[in-house]
Amino acid sequence: MRKLLASISVAVLLAACATNPVSGRREMALMSEQQELAIGRDMHPKVLQAYGEYDDPALQAYVRGVGEKLAAVSHRANLIYRFTVVDSTDINAFALPGGYIYITRGLLAYMSSEAELAGVLGHEIGHVTARHAVRQYTAATAAQLGMTLGSIFVPGLGNNVAQNVMGVLGQATLSGYGREHELESDSLGAEYLAQAGYDPQAILGVLRTLKAQGDYATAQAKAEGREPQAYHGLFASHPDEDTRLKEVLTKASFLAPDTPADDGRERFQKRLDGLVFGDSTVQGIRRENRFYHGPLDFALEFPPGWRLQNQPDRLLAIAPGGSAQAQLTSQDLNQRETPREFMIRRLGIRNPAGQEISPAGLPGYSANVQLGGALARRQGRVAVIFHRNQAYILVGVAKEGGDAQAADRALLQTALSFHPLREDERALAKPLRLRLKTAAPGDNFAQLAKGSRLPGDATAQLRLLNGHYPTGEPAAGDTLKIVR
Ligand SMILES: [Zn+2]
């Protein structure tokens with residue numbers, strides 16, 4: 001693997017030598033500026049397809065306005081930047097080469113001021129102006145070659161848009177560029193902030209928020225007996241966050257404007273009022289082990305304790321301890337056929353020997369099959385259910401060496417729980433939203449969290465949303481973000 005990569009990078013390195021827009025120095029460039037812009041142009045529609053644009057034109061315009069102020073004072077002010085809020089619960093922001101910049105609504109929810117938003121956008125602009133994607137092109141290629149996602153592979157099962165986007169962009173775009181480049185972006189971001197009239201210290205606020213997120217995610221994983229995941233946030237690649245904070249602080253202090261800038265806190269918070277929090281209607285709504293999809297009119301229930309991950313093109317479900325996993329995808333039905341015929345023609349499963357099922361009276365078929373791809377010849381269960389001209393495909397498998405029979409029973413049970421939304425479930429298919437509330441004297445987060453529909457530790461989440469994690473309480477008169 002190493003050897004192969006080395007030869008690729010040598011070939012690419014021979015390509016060109018260009019002036020770095022930030023340093024002004026001549027350096028090896030892995031591609032021309034025209035190639036760089038073309039990558040952004042080609043990938044942008046794919047990112048939008050994978051994540052979806054968040055449907056709030058006023059919020060989009062606001063974010064664009066803040067971004068454009070920073071872009072205008074950047075090292076590559078000649079580029080036309082595009083800023084998009086994507087409809088994702090991920091806590092992330094990323095940039096494509098050439099000036100396409102994205103921030104998730106998941107991250108927006110946790111920020112507290114316009115200056116912090118500017119801090120995130122400035123950082124991403126820094127990646128563009130310093131041409132990090134271009135400079136790390138070979139690293140991205142490496143990520144692409146080495147990409148293995150833990151998804152279940154069965155021939156013909158949907159197209160994994162997000163995975164394709166990740167594959168082409170490489171891991172770097174979504175999870176950071178390595179310490180040196182991240183620090184350079186922070187420093188560039190701080191510079192653009194100062195020049196656009198914001199206090200560069202706002203970057204610290206963002207970093208603290210992300211740090212708190214990481215701490216909470218680790219605590220949650222421990223509480224649920226899971227292995228804490230390495231935190232893949234905006235500044236994920238920094239090994240020691242405290243050292244970074246200090247470096248950013250030192251750098252920013254030289255750049256701070258003489259008169260303290262307005263951090264746009266109120267303006268920003270007003271924009272967040274009504275922001276969808278957690279899953280959105282079009283993604284379908286998770287409620288613990290249950291899943292409700294309003295537009296597609298269905299619900300299903302996984303066994304208790306299974307964790308659901310809502311991805312752009314699939315719903316993943318993981319059993320406690322990872323002992324089994326499953327995914328639900330859907331495909332358009334195009335011809336009159338039975339679920340068993342669908343299994344043969346569309347999923348490429350030869351001679352499935354299973355049984356007809358009819359969850360809630362819907363046509364379905366379920367069988368044990370040999371899985372392909374990464375799961376090399378393991379037995380799994382596939383169920384196909386037809387509902388409103390869509391085929392829903394549930395595939396699941398036990399962990400290698402795990403209790404295959406228990407997993408199989410659980411998966412069949414899940415398939416049988418599939419049903420059109422009942423009237424009393426319609427409300428559950430609606431998303432949660434951020435709302436603003438002025439704290440009254442004596443308000444505390446535990447009491448504000450009572451009766452909340454927030455999954456997990458609602459008190460901790462309200463603290464995170466309001467910059468008081470892990471132990472703070474609101475002061476009377478504070479504008480608080482709550483979730484309804
Ligand atoms: Zn970055």
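R271 has a relative accessible area of 38% in this predicted model, and because that value falls between the limits of 20% and 50%, R271 is classed as partly exposed. The residue belongs to helix α13, which covers residues 265–272. Leaving aside residues up to four places away in sequence, R271 touches A58, L59 and Y62.

Let me move to E337. Is this residue buried or exposed? E337 has a relative accessibility of 11%, and it counts as buried because the cut-off is under 20%. Its place is in the loop that runs between β12 (324–332) and α14 (339–345). The side chain of E337 makes a polar contact of 2.9 Å with the side chain of R345.

Finally, I turn to a sheet. Three strands, in the order β7-β8-β9, make up an open sheet with antiparallel pairing. Its edge strands are β7 (285–287) and β9 (298–301), each of which pairs on one side only. On average, neighbouring strands here are turned by 15 degrees against each other, with direction ignored. Between β8, residues 290–293, and β9, the antiparallel pairing extends over four bridges. Within this part of the sheet, F291 stands opposite L300 of β9.

Conventions: Residues numbered from 1 in each chain as written. Predicted model: local features only at pLDDT ≥ 70, side-chain atom pairs only at ≥ 80, totals over all residues. Heavy atoms only, no water. Helix = DSSP H or I, 4+ residues; strand = E, 2+ residues; numbered from the N terminus. Buried < 20%, exposed > 50% of the residue type's maximum accessible area, 1.4 Å probe, protein only. Polar contact = N/O pair within 3.5 Å; in protein donor to acceptor, adjacent residues only side chain to side chain. Contact = heavy atoms within 4.5 Å. Pairing = 2+ DSSP bridges. Axes fitted to C-alpha atoms, helices over the stretch in contact; angles between N-to-C directions.
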